[in-house]
Amino acid sequence: MADWGPVVIAVVLFVLLQPGLLFQIPGRHRVVEFGNMQTSGASILVHTVIYFGLITIFLIAIGVHIYTG
């Protein structure tokens, strides 16, 4: 029985937290910019910290598991 929970959570968070895709913190001209499709070093660092925090919460604290087969 395979546990696909960590894989699914990691992929979804990675896609949603790409800097510039949905939002960017910090933006180039504002604190938060939406859908600008640009990035910077600071926003990559901030989104990495947010990704690490959320992946830790979902996988370790909550313990999300999706079993197949």
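The model is predicted, so local features need pLDDT of at least 70 and side-chain atom pairs count only at pLDDT 80 or more, while totals for chains, interfaces and linings use all residues. Residues are numbered from 1 along each chain as its sequence is written, and side-chain values use heavy atoms, with hydrogens and water left out.

**Overall layout**

- Along the sequence, the elements follow the pattern β-α-β-β-α-β.
- The radius of gyration, taken over C-alpha atoms, is 14 Å, well over the 11 Å that the globule rule gives for 69 residues, so the protein is more spread out than a compact globule. That rule is 2.2 Å times the number of residues to the power 0.38.
- The C-alpha trace spans about 50 × 20 × 15 Å along its principal axes.
- Among contacts (heavy atoms within 4.5 Å) with a separation of 6 or more, 48% are between residues 24 or more positions apart.

**Helix α2**

- Helix α2 covers residues 41-62, and its 22 residues should span 32 Å at 1.5 Å a residue; the end C-alpha atoms are 30 Å apart, which agrees. The expected span is 1.5 Å times one less than the number of residues.
- At Thr56, α2 bends by about 25 degrees, the bend being the angle between axes fitted to the seven residues ending there and the seven starting there.
- Ser43, His47 and Ile55 of α2 are buried, and their cover includes α1 (5-16) and β2 (23-24).

**Thr68 in strand β4**

- Thr68 lies in strand β4, residues 67-68.
- The relative accessibility of Thr68 is 37%, so this residue counts as partly exposed, the class between buried and exposed (over 50%).
- Apart from neighbours within four places in sequence, Thr68 is in contact with Met1, Ala2 and Trp4.
- The side chains of Thr68 and Trp4 make a polar contact at 3.3 Å. Such a contact is a pair of N or O atoms within 3.5 Å; within protein, one must be able to donate a hydrogen and the other to accept it, and residues adjacent in sequence count only if both atoms are side-chain atoms.
- Thr68 and Ile57 are 11 residues apart along the chain, and their C-alpha atoms are separated by 22 Å.

Definitions and conventions. Helices (H or I, at least four residues) and strands (E, at least two) are DSSP runs, numbered from the N terminus. Buried means under 20% relative accessible area, exposed over 50%, partly exposed in between (1.4 Å probe, protein chains only).
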